[in-house]
Amino acid sequence: MQPPTYPPKPRPGDRIAVLSPSSGLPGLLPLPYELGLTRLEKDFGLVPVEYPTTRKMGSTPRERADDIHAAFADPTIRAVIASIGGDDQITVLPLLDRELIRASPKPFFGWSDNTNLLAYLWNTGIVAFHGGSVMCELGRPGSMDPLTEASLRAALFTPGPFELAPATRFRDTDRDWADPETFRSEPETRPGTGWTLHGPQRVVEGRTWGGNLETLSGLLTAGREIQEDLSAYDGCVLLLETSEELPDADEVFRMLWDMGERGLLRRFPALLMGRPKTWSLERRNSPEQSALYAREQRAAVLRALDAYAPGTMAVLDVDFGHTDPQLVIPYGGTARVDGPARRITVMY
């Protein structure tokens, strides 16, 4: 492992690789994908470059690894962005050439199952970005959320500090991506709830690590891209968020329990916990059920912290991960969490 450094940022007019390291859903659901490509080109001024598996469902881990290698090795590609997440990216990691990627560092944007690649890049010495995808953020029905757009634009193009702000409104429900009507109106939103702070209130500044909790749990189980010497995580800011699979509170607690028993949870003096996804097309919770799910998850997180990391300052319901709007968080870069001032500043 090397201490991560920020790769050079792209400029408008540059080529950006669009990859599907997890799932080739662009081939199955082209409407949000094509909309995302259009915005990437017209609104952000970048030139999207697709690869053989970008729109291919069922591609092999080797095929996806080859696309990652091709994108990083191409000197004309200035950044890499995932089309969407998935569920089996962990199988791609053993096939990656670390020296090839390290020799040509580029900003990578992705989240959810892309936690696998984010952790890999952390160990390779490259700061990446948790957030931003073609189908979800760029392909949002109606228009991009202004908070998302400002964060993604700054992370793409502008080095330096960026202060995060809680969303005044957020969206938790989804509509059918196969239906053209979905993209002809703005999605419904509801009032934001702000951040909840827990634990000792102080100022913590450190490199970030973590990601989607379910994916991270898989990495821990497989012992893949996890440092044997846990002191590598001392002083870091932990990022955690859960997915549309809606793990129940007991499952969330058990995953954090495992991290605690491993001696990992206490390494982090600060935790940023993403606003939980509480609704899915497969589990259409009522507003009351959604509110209960969120409360139970928060309670599970705090119970684990009280048991294993009572000195950790936590900020809950931060707008990153499986939520809309979505703030981009540097992964391996710097975050400053000022508890007394209730401010979070990240370094893009």
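Two strands are said to pair if DSSP finds at least two bridges between them, and the helices (H or I, at least four residues) and strands (E, at least two) named here are DSSP runs, numbered from the N terminus. The structure is a predicted model, in which local features need pLDDT of at least 70 and side-chain atom pairs count only at pLDDT 80 or more, whereas totals for chains, interfaces and linings use all residues. Residues are numbered from 1 along each chain as its sequence is written, and side-chain values use heavy atoms, with hydrogens and water left out.

We can begin with strand β16 (residues 343-347). Strand β15 (residues 334-338) runs antiparallel to β16 and is joined to it by 4 bridges, and Arg336 has Thr345 as its bridge partner in β16. These two strands, β15 and β16, form a hairpin with 4 residues between them, and Arg342 in the turn has a positive phi of about 55 degrees. Strand β6 (residues 161-164) is also antiparallel to β16, again with 4 bridges, and here Glu163 is the residue whose bridge partner in β16 is Thr345.

Another part of the model is an open sheet of 6 strands, which follow one another in the order β2-β1-β3-β4-β5-β14 with mixed pairing. Its edge strands, each pairing on one side only, are β2 (47-50) and β14 (329-331). On average, neighbouring strands of this sheet are turned by 30 degrees against each other, direction ignored; for such values, axes are lines fitted to C-alpha atoms, for helices over the stretch in contact, and angles run from 0 to 180 degrees between N-to-C directions. Within the sheet, β4 (residues 108-110) and β5 (residues 128-130) pair in the parallel sense over 2 bridges, and Gly110 stands opposite His130 in β5. Helix α4 (residues 115-124) lies across β4, β5 and β14, and runs at about 150 degrees to β5.

Two packed helices are described by the angle between their axes and the distance between the axes. Helix α8 (residues 249-261) packs against helix α9 (residues 287-308) at an angle of about 20 degrees, and their axes are 8 Å apart. The two helices α8 and α9 are therefore roughly parallel to each other, since angles under 35 degrees count as roughly parallel, over 145 as roughly antiparallel, 65 to 115 as roughly perpendicular and the rest as oblique. Among the residues that make the contact are Phe253, Leu256 and Trp257 of α8 and Ala300, Val301 and Tyr308 of α9, where contact means heavy atoms within 4.5 Å.

Helix α9 also holds Tyr293, which is buried, with a relative accessible area of 6%. Not counting residues up to four places away in sequence, Tyr293 touches Leu246, Pro247, Asp248, Pro276, Lys277, Thr278 and Arg283. Of these, Thr278 is 15 residues from Tyr293 in sequence and 6.4 Å from it in space, C-alpha to C-alpha.

A further buried residue is Phe72, at 1% relative accessibility, which lies in helix α2 (residues 61-73). Leaving aside neighbours within four places in sequence, Phe72 is in contact with Val80, Leu100, Ile101, Ser104, Lys106 and Leu121.

Methods
Buried means under 20% relative accessible area, exposed over 50%, partly exposed in between (1.4 Å probe, protein chains only).
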